Amino acid sequence: MSSDIEAFDKRLSVDQIIGHLRDGMTIGIGGWATRRKPMALIRAIARSNLKDLTIVSYGGPDVGMLAAAGKLKKLVFAFVSLDHYPLEPHFRNARQAGSLEILELDEGLVHWGLRAAAMRLPFLPTRVGYGTDLVKQAELSKRVVSPFEDAEELIAMPALKLDVALLHVHRSDQRGNVLTLSPDPFFDELFARAAGATFVTAEQIVPTAELNIAVNSRYNLIERALVTGVAEAKLGAHPTSAAPDYQLDLKHLKTYVESAASPEAWAAYRASFIDVPDAAYVEAVGGADAITALPRAVY
Amino acid sequence: MEYSLAELLIAAAAESWRDDGEIMGTGIGPLPRIAVSLAKLTLNPKLATTDGECWYTTEPLPVGARVDQVAEIEGWSNYDRVFSGLWGGKRHAMVAPVQIDRFGQSNISVIGDHQKPKAAMLGARGFPGNSIHHKNSFFFPQHTTRSFVSGEVDYVCSAGWNPARFPGGKYPHGMALGIIVTELAVLDFGGADHAIRVVSLHPGVTFEQVQDNTGFPLEKPEAIPTTPAPSAEQLALIAQLDPKGVRKTVIKGDPPGIRG
């Protein structure tokens with residue numbers, strides 16, 4: 001093998017990834033609600049000086065934490081939920097304060113907007129939104145007429161172009177060949193394709209041979225050309241799940257929910273779990289052995 | 001035979017999937033989830049049901065059970081596939097919104113103003129797409145004028161029979177509303193121009209009581225039957241599908257099915 005190929009290395013630290021982000025960016029976050037959210041990156045954004053972000057997400061504690069940390073200008077979403085705590089308390093606080101710009105979509109419309117961006121199309125036609133209040137939003141006010149005999153009038157779902165996508169995966173090599181081993185891949189592929197740059201955190205960075213791609217090809221959601229940088233972040237999805245490596249931490253989720261009760265409660269949560277190095281975080285939430293032993297949650 | 005109100009509602013809700021054939025059946029919330037499982041065991045064995053995460057199971061999964069402990073997995077229901085399937089129409093969901101109006105439009109997003117809500121809830125989730133692609137039924141454990149609102153719901157998340165909201169007043173092919181199961185009655189959209197009407201009253205409930213708790217006029221058929229009591233077989237299956245008794249926590253005080 002040529003030494004140039006061997007030297008090809010996209011490894012970064014979590015903080016180096018944050019260094020690629022800028023104020024005002026539109027950032028897509030992979031995972032779904034309480035599953036496989038890149039929380040090590042989210043905590044690092046919460047610690048940073050970044051501001052005025054637009055977030056596109058199938059939302060969970062990623063959205064709530066960034067809202068509580070004052071990082072959000074705008075949210076593009078279909079829901080924000082902690083599944084076992086259906087209502088995300090920090091998201092609710094931000095919404096009810098009226099300070100957040102929003103584009104409220106259907107789950108499938110988020111998919112459709114990301115797909116349009118992935119295909120470098122300005123929009124994709126859909127009926128989703130008809131009959132509802134979603135179409136009162138300016139972004140969903142444009143219509144297209146089918147050029148075929150049916151002449152149906154359809155809603156133009158605009159492309160959701162992302163500056164950056166942030167994903168959490170299970171394994172990666174140093175070149176950004178990744179494996180997402182969880183039972184549901186969600187829409188991480190589309191987030192990556194809709195983005196100008198994709199940064200991933202991985203539970204483990206391993207030699208390429210250990211990915212065993214020939215066997216694991218179905219878990220290889222995207223080609224490495226899409227991945228700009230990869231950081232190893234063991235337990236980087238906690239408190240959300242990264243099954244099969246570890247499950248949702250309901251106990252910590254409760255602690256997180258309670259942190260929305262008052263500014264003091266949030267400050268205490270920040271001090272214990274956000275404004276600390278990653279190693280201290282893992283100890284503060286019970287240690288790696290306890291997290292990897294968590295039982296599977298019931299949905 | 002004694003039965004609880006929750007068990008009566010489960011048996012009534014199960015009826016909604018009777019004639020659906022081989023589609024995905026989804027019940028959101030504990031009682032609709034037990035109901036779709038009961039429907040699969042008694043009324044429509046072809047129904048495909050999931051663990052609520054991403055697996056179809058051969059037998060319906062009891063409430064609170066983990067798929068790896070008790071069930072045989074028969075298929076994959078990852079979200080991408082669920083979206084693709086529902087756009088094709090092969091699904092019937094029973095959902096539990098916060099508000100519904102006379103058109104059958106429902107809301108799970110906000111109470112009050114959309115930009116600065118009095119109460120922010122989930123967001124529209126999949127309701128907009130679901131509502132125009134496949135059949136939807138509804139479950140309300142509290143039938144009041146706060147849930148059955150006058151005018152329109154605060155934020156229309158799922159489409160209803162409201163022609164003013166569709167181009168040319170034409171409804172998309174595949175749009176269908178099934179039944180509404182509440183702690184007072186079973187209702188449907190079989191009235192004039194899809195008006196909501198009372199299909200059956202639960203034991204001890206009067207039409208006037210249902211009307212008084214509804215923010216819009218209900219159609220009153222000449223004769224309204226009483227919602228059938230669950231059978232002994234249904235009660236036994238419900239107990240198997242909910243071994244931990246989650247159904248007892250849904251309606252305050254877990255009252256009996258026959259009101260005293």
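Four bridges join β5(A) to β8(A), residues 153-158, and the two strands run antiparallel. Two strands count as paired if DSSP finds at least two bridges between them. Strands (E, at least two residues) and helices (H or I, at least four) are DSSP runs, numbered from the N terminus.

This is a predicted model: local features need pLDDT of at least 70, side-chain atom pairs count only at pLDDT 80 or more, and totals for chains, interfaces and linings use all residues. Residues are numbered from 1 along each chain as its sequence is written, while chains are lettered from A and ligands numbered from 1 in the order in which they are written.

**The sheet in chain A**

β5(A) and β8(A) belong to an open sheet of three strands, in the order β5-β8-β7, with antiparallel pairing. Its edge strands, β5(A) and β7(A), each pair on one side only. From one strand to the next, the twist averages 40 degrees. Within the sheet, T126(A) stands opposite I155(A) of β8(A).

| Edge strand | Residues |
|---|---|
| β5(A) | 123-126 |
| β7(A) | 143-145 |

**Helix α6 and G108**

Helix α6(A), residues 107-118, lies across β5(A) and β8(A) and runs at about 145 degrees to β5(A). Axes are lines fitted to C-alpha atoms, for helices over the stretch in contact, and angles run from 0 to 180 degrees between N-to-C directions. G108(A) lies in this helix. G108(A) is buried, because 24 other C-beta atoms lie within 10 Å. Buried means 20 or more such atoms within 10 Å, exposed 12 or fewer, and partly exposed in between, with C-beta atoms placed from the backbone.

Leaving aside neighbours within four places in sequence, G108(A) is in contact with V128(A), F83(B), G126(B) and G129(B). Contact means that the C-beta atoms, placed from the backbone, lie within 7 Å. G108(A) and A78(A) are 30 residues apart in sequence, and their C-alpha atoms are 8.6 Å apart in space.

**Where the chains meet**

The contact takes 35 residues from chain A and 37 residues from chain B. On the chain A side, β3 (72-80), α5 (89-97), α6 and β6 (128-131) each supply at least two residues.

**Helix α7 of chain B**

In α7(B), residues 232-241, the buried residues are Q234(B), L237(B), I238(B) and L241(B). They cover an arc of only 105 degrees around the axis, so they sit on the same side of α7(B). The arc is that of the directions from the helix axis to the C-beta atoms. These buried residues pack against α1 (5-14) and α2 (30-42) of chain B. The face turned away from them carries the exposed residues A232(B) and A236(B).

Notes:
Two residues are in contact if their C-beta atoms, placed from the backbone, lie within 7 Å.
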